[in-house]
Amino acid sequence: MDVPADEPTAPTGPDPVPLTEPADGVPPVVADQAALRRAADALAGAKGPVAVDTERASGYRYSQRAYLVQLRREGAGTWLVDPIALGGRLDPLVQALDGTEWVLHAASQDLPCLAELGLRPGVLFDTELAGRLAGFDRVALGTLVERLLGFRLEKGHGAADWSRRPLPADWLTYAALDVELLVQLRDVLETELERQGKLAWALEEFEAVRMAPLPRPRTDPWRRTSGIHRVRNQRQLALVRALWEARDTVARDRDIAPGRVLPDSALMEAAARNPANEAELLALPVFRGRSQRRMSSVWMNALRKAGALAKSELPEPAGQHDGPPPPNRWADKDPDAAARLAATRAALATIAEANTLPVENLLLPDLVRRTCWQPPADLSPESVATVLRDGGARSWQIDLTLEALTKALAATAPPPAPPAPPAPAPEPAN
């Protein structure tokens, strides 16, 4: 059967081959400056793109630092670098990789912790993003490797505590395998994107990811506490905020994930019960444990501090937002904006389907909402293009969507239905 031009191809054949060991074996961990210089010399003397990955300790540590950096380049093999043992001083590696093309999977997750080490790509190829743009519905690394290269990666340690030392041998095998086939995957995806006429789009996207600034700190991050949506009382919100901030301070000082200091469920229960003293606090589940008993004064001080706040100091029931309200409220607040959003979403869905793209990769949903809520006054293509460009849309996205979006932004809500005529008066009885 012929494959349509807009549909990604994939090899068919025997079952995927399990890949349980790197072809060259698992290399020793680079943990001193002499070994780092050998790694840097080998990588600098090789050619082609460099496969890069990191392992963090999310869920275990407060920081998002890299606890292992994996690199592989044709002619240099695989290197596993321990930035903790090296004190974060990776200057030889920074110089060796300067200006090279990096291949990462889901690069936005790894680039911030690599930048902390002074490591920044000169050119970027993101295999996850490439898979999305190529129209693959599942873009996990293992899935793409299996579908496009015919190998099955052994997974299982991605959520491990990578701050642990020494690192177990099977973890190191897993880490090495994550970069074993990245460059081959890059080459297959590049060919597929070129076949679909999307390679230029992808290169724009990769560059946008490479140049993206670090994420800004969230406003009122305590409002993301699990279960807080059930709280409407301002005093109780103040208790949640105080406990969250106390927990965050402890977690940051000890470099422990906040949920391991005190789970959200316990934080919410303490805020709901608002115990009057430590004895009442320690009677609550979770707080009965030894570690929480040692911390009881920290939590009680937070509760007392929140309880003493003046009414004017209490948090508002809803957080401040710099964008439009939730779309489910638009019909009441601005029916025309709701009509614009509905028309825009329909137009973008059609374009995305025609180009085998996820609609969220066509235009960022937040940019769509902001543009529909407050469109340019004249609704000319030039003005709409300026709004999109200022909102971070790339040239290929503007080219694909501008005409349809300009038309959709002219949509208005239908006029309200006229009131129903009064019912006829009943005829008098004979």
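Helices here are DSSP runs of H or I with at least four residues, strands are runs of E with at least two, and both are numbered from the N terminus. Leucine 362, for one, sits in helix 17 (residues 359–362). What you're looking at is a predicted model, where local features need pLDDT of at least 70 and side-chain atom pairs count only at pLDDT 80 or more, while totals for chains, interfaces and linings use all residues. Residues are numbered from 1 along each chain as its sequence is written, and side-chain values use heavy atoms, with hydrogens and water left out.

- An open sheet is built from 6 strands in the order 2-5-4-3-6-7, with mixed pairing; two strands pair if DSSP finds at least two bridges between them.
- At the edges you'll find strand 2 (29–30) and strand 7 (123–126), each pairing on one side only.
- Strand 3 (residues 50–55) runs antiparallel to strand 4 (residues 68–73), and the two share 6 bridges.
- Take valine 50: its bridge partner in strand 4 is arginine 73.
- Helix 1 (residues 33–45) packs on this sheet and touches strand 2, strand 4 and strand 5 (77–81), where contact means heavy atoms within 4.5 Å.
- The direction of helix 1 makes about 145° with that of strand 5; axes are lines fitted to C-alpha atoms, for helices over the stretch in contact, and angles run from 0 to 180 degrees between N-to-C directions.

**Aromatic rings**

- There are 5 aromatic pairs, counting rings of Phe, Tyr and Trp (its six-membered ring) with centres within 6.5 Å; planes under 30 degrees apart are stacked, over 60 edge-to-face, and the rest tilted.
- The ring centres of tryptophan 162 and tryptophan 171 are 5.4 Å apart and their planes sit at 50°, so this pair is tilted.
- Ring pairs tie Trp162, Trp171 and Tyr174 into a cluster.
- Both tryptophan 162 and tryptophan 171 are buried (under 20% relative accessible area; exposed is over 50%, partly exposed in between, with a 1.4 Å probe and protein chains only).
- Arginine 164 lies over the face of tryptophan 171, 5.2 Å from the ring centre; the rule asks for NZ of Lys or CZ of Arg within 6 Å of the centre and within 35 degrees of the ring normal.

**Back to leucine 362**

- Leucine 362 is buried, at a relative accessible area of 0%.
- Its contacts include Leu348, Ile351, Trp396 and Leu400, leaving aside residues up to four places away in sequence.

**Cysteines**

- The structure has 0 disulfides, a disulfide being a pair of cysteine sulfur atoms within 2.5 Å.
- Cysteine 113 is buried at 2% relative accessibility, and cysteine 372 is buried at 1%.
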